[in-house]
2 protein chains.
Amino acid sequence: MNLPDSIQSLINALERMPGIGPKSASRLAFYLLRAPDDLSLSLALALTELKTKTAFCQECFNITDAGRDRCDVCESRKRDGAVVCIVEESLDVLALERTGAFNGKYHVLQGVLNPIEGIGPDDLKIKQLVARVAKGEIKEVILATNPSMEGDATALYLQGQLKPYGVHVTRLARGLPMGGDLEYADQNTLQRALSGRQDM
Amino acid sequence: MNLPDSIQSLINALERMPGIGPKSASRLAFYLLRAPDDLSLSLALALTELKTKTAFCQECFNITDAGRDRCDVCESRKRDGAVVCIVEESLDVLALERTGAFNGKYHVLQGVLNPIEGIGPDDLKIKQLVARVAKGEIKEVILATNPSMEGDATALYLQGQLKPYGVHVTRLARGLPMGGDLEYADQNTLQRALSGRQDM
């Protein structure tokens, strides 16, 4: 038995998304088929408008509404422009904002150095970061790329690029995560937690 | 920081799908934002066309292309119309077809009896099944609803409804799944496997 084209093409499109395999894709497609019309139509509308109604802030390259040059954070006068936190993607900004512990500004690289996938410095918003730092208003740059091989390599590269400007460069702390269990921590994490131990 | 409306509404729509929580929804939305345009647009198109290009077979209520009265299986002359397999949904037909072990026809109930969610016999394609059986051409009805409480209750109800027509009613076998491990089998499955033991 072949599935009708309408369903098969939806399943094919869903399967192209990360973390959705063939089984979940069919399950979702059949769910949408039975669900009220407004669910599939509101999804379709949101997908169509996604790219046309979204733009990137020309200061920090975080996402913002189309037609705006700068995002909320960059426009805010309450935020400290002397501290800039460098992240890989907009989702990381959201995560940091949720903590409520950071009052500086951001810079979204829109990716991470990854030679295997052919992503080099020119594919990221690195030039733009250097230009921001060169203006001389930024005192500290916090490198908040992911604690992964690519994130570390990118942080190291950025450190080199920013050196000539005499800006203070820091990196997010490594160690045991809150609520974690020493017994289950991986070797690298435990090593970092040891070497980075602090006075009480 | 608030997300742009375009992204937030996509996240909201994605979150309404089963098995997609807030975190996966944002991850998918940002993935779509960075992915080539054709992915979000082909998804949007497939969603828009989903309901207009899909219809239900008027014989077995499996899905088929819009504009067709009967599905491939019902139209086929190679399939044995004397044996009908009753399933909950179209996905079950797909699973059975993949085995290649069934050459009869199907009847898709489009759901299962569930008093808690207010789904009664009139919400399923039960009347239509009884009408098919009443024609007298069907010799055996295989109840292939899920081995769950609702599936069993529905099978029991159908057995009662079909009794007057003298048709042979069977249910899919229960027991240990292939590749399963006795040690990890739940109590009910093991009980069923014992009581349904067969001569070698």
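At what angle do the axes of helix H3 (residues 37-52) of chain A and helix H1 (residues 5-15) of chain B cross, and within what distance do they come? In this predicted model, the two axes cross at roughly 150 degrees and come within 9 Å. Angles over 145 degrees count as roughly antiparallel, and H3(A) and H1(B) are therefore roughly antiparallel to each other. The crossing in which H3(A) passes H1(B) is left-handed. On the side of H3(A), the contact is made by Leu39(A), Ser42(A), Leu43(A), Ala46(A), Leu47(A), Glu49(A) and Leu50(A). H1(B) contributes Ser6(B), Ile7(B), Ser9(B), Leu10(B), Ala13(B) and Leu14(B). By class, the residues of this contact of H3(A) with H1(B) comprise 9 nonpolar, 3 polar and 1 charged.

H3(A) also packs against helix H2 (residues 22-34) of chain B, at an angle of about 55 degrees and with the axes 9 Å apart. This angle makes H3(A) oblique to H2(B). H3(A) and H2(B) cross in a right-handed sense. Leu47(A), Leu50(A) and Lys51(A) of H3(A) are in contact with Ala29(B), Leu32(B), Leu33(B) and Arg34(B) of H2(B). The contact of H3(A) with H2(B) has 5 nonpolar and 2 charged residues, and no polar ones.

Within chain A, helix H1 (residues 5-15) packs on helix H2 (residues 22-34), with an angle of about 130 degrees between the axes and a separation of 8 Å. H1(A) is accordingly oblique to H2(A), and the crossing of H1(A) past H2(A) is right-handed. From H1(A), the residues in contact are Ile7(A), Leu10(A), Ile11(A), Leu14(A) and Glu15(A). They meet Pro22(A), Ala25(A), Ser26(A), Leu28(A), Ala29(A), Phe30(A), Leu32(A) and Leu33(A) in H2(A). The contact of H1(A) with H2(A) divides into 11 nonpolar residues, 1 polar and 1 charged.

The relation between the chains was examined next. Two copies of a chain are related by a rotation about an axis and a shift along it. Chain B can be laid on chain A by a turn of 180 degrees with a shift of 0.0 Å along the axis, giving an RMSD of 0.1 Å. The two copies are thus related as by a two-fold rotation axis. Ala44(B) is the residue of chain B that comes closest to the rotation axis, its C-alpha lying at 2.1 Å. Of the interface residues of chain B, 98% are also interface residues in chain A, so the copies meet through the same surface.

The domain assignment divides chain A into domain 1 (5-43) and domain 2 (79-171). The C-alpha centres of domain 1 and domain 2 of chain A are 37 Å apart.

Terms used:
Residues are numbered from 1 along each chain as its sequence is written. Chains are lettered from A and ligands numbered from 1 in the order in which they are written. This is a predicted model: local features need pLDDT of at least 70, side-chain atom pairs count only at pLDDT 80 or more; totals for chains, interfaces and linings use all residues. Side-chain values use heavy atoms; hydrogens and water are left out. Domain bounds come from an automatic or database domain assignment. Axes are lines fitted to C-alpha atoms, for helices over the stretch in contact, and angles run from 0 to 180 degrees between N-to-C directions. Helices (H or I, at least four residues) and strands (E, at least two) are DSSP runs, numbered from the N terminus. Angles under 35 degrees count as roughly parallel, over 145 as roughly antiparallel, 65 to 115 as roughly perpendicular and the rest as oblique. A crossing is left-handed if the near helix is turned anticlockwise from the far one by less than a right angle, and right-handed if clockwise. Contact means heavy atoms within 4.5 Å. Ala, Val, Leu, Ile, Met, Phe, Trp, Tyr, Cys and Pro count as nonpolar, Asp, Glu, Lys and Arg as charged, and the others, Gly among them, as polar. Copies are superposed by least squares on the C-alpha atoms of residues with pLDDT of at least 70 in both.
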